[in-house]
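Please study the sequence and the structure shown below. The explanation that follows begins with one local arrangement and then moves through the rest of the chain.

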Amino acid sequence: ILPLHVKQQNLMVEEVQALHRAYSLPMFGRNDRKKIASLILMHCQSLFQDRDRDFSALTEIYNHYADQTLEELEAEKKLLDQERAEEMLRSFGLEVDVDDEDDLETILEKAREAAERKQDEAREHAENEARSARSEKQKLKAERERQKEKDIQKVSKNIYGDLVRLLHPDREIDENKKVAK
């Protein structure tokens, strides 16, 4: 099946190049040119999804017809992925800043450090409460703090698992994305 898929992709590349050459012919009106541009963009996007092959020759053609260049779209996608990762971590109560250069391991390490800091703070707070507890009310509060600490440990394990599932390169079909992750 793979040779047929490669053959189909090669034909699609030839079609995109032929449509690009035909676009400026005077026999095509404005509506025809819009349709040609739409076909070019659709085929290029389909080809770019296969990261196993290099279709960089089509990048210039794609950028000619697209509203945003391929590089701008990839940068925008990377920014959205960072925002999603930060939002997910915040939903677990962790404040982690994800940088452009951060890979999966770095993000996981930052999340682990933030979870440890939060656990340490909760532990210190619980210990202080336990030391100063003089009434039953204060003892109950200390017990709740210990329970919160256990809950934080559970949450940090869940966060780690969610991040691994979200960012692990083996879950990525696209080879370039795997390498990037």
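Over the ring of which residue does the charged end of Arg33 sit? The charged end of Arg33 sits over the ring of Tyr23, 5.8 Å from the centre of that ring. A charge is said to sit over a ring if NZ of Lys or CZ of Arg is within 6 Å of the ring centre and within 35 degrees of the ring normal.

This is a predicted model, in which local features need pLDDT of at least 70 and side-chain atom pairs count only at pLDDT 80 or more, while totals for chains, interfaces and linings use all residues. Residues are numbered from 1 along each chain as its sequence is written, and side-chain values use heavy atoms, with hydrogens and water left out.

Tyr23 also takes part in an aromatic pair. A search of the whole structure finds two such pairs. Tyr23 and Tyr65 form an edge-to-face pair, with 5.0 Å from centre to centre and 75° between the planes. This pair links distant parts of the chain, since Tyr23 belongs to helix α1 and Tyr65 to helix α3, 42 residues apart. Rings of Phe, Tyr and Trp (its six-membered ring) pair if their centres lie within 6.5 Å; planes under 30 degrees apart count as stacked, over 60 as edge-to-face and the rest as tilted. Helices (H or I, at least four residues) and strands (E, at least two) are DSSP runs, numbered from the N terminus. Tyr23 counts as partly exposed because its relative accessibility is 23%, whereas Tyr65, at 11%, counts as buried. Here buried means under 20% relative accessible area, exposed over 50%, and partly exposed in between (1.4 Å probe, protein chains only).

The rings of Phe48 and Tyr62 have their centres 5.6 Å apart and their planes at 80°, so this pair is edge-to-face as well. Because Phe48 lies in helix α2 and Tyr62 in helix α3, the pair ties together parts that are 14 residues apart in sequence. Phe48 counts as buried at 12% relative accessibility, and Tyr62 counts as buried at 3%.

Which residues does Tyr62 contact, leaving aside its neighbours within four places in sequence? Tyr62 is in contact with Leu41, Cys44, Gln45, Phe48, Gln68, Leu70 and Leu73, where contact means heavy atoms within 4.5 Å. Thr59, also found in helix α3, counts as buried because its relative accessibility is 14%. Not counting residues up to four places away in sequence, Thr59 touches Phe48, Leu70 and Glu71.

Although Leu163 and Ile107 are 56 residues apart in sequence, their C-alpha atoms are 8.3 Å apart in space. Other buried residues of α6 include Ala142, Glu145 and Ile152.

Charged side chains complete the picture. The structure holds seven salt bridges, a salt bridge being a side-chain nitrogen of Lys or Arg within 4 Å of a carboxyl oxygen of Asp or Glu. Asp81 forms one with Lys77, the closest N and O atoms being 3.0 Å apart, and another with Arg84, at 3.2 Å between the closest N and O atoms. Asp81 and Lys77 both lie in helix α4 (residues 70-91), four residues apart, about one turn of the helix. Asp81 is partly exposed, with a relative accessible area of 30%, while Arg84 counts as exposed at 51% relative accessibility.

In a further salt bridge, the side chains of Glu109 and Arg112 meet at 2.6 Å, N to O. Because Glu109 and Arg112 are three residues apart in helix α5 (residues 104-132), about one helical turn separates them. Salt bridges that share partners join Lys77, Asp81 and Arg84 into one network.
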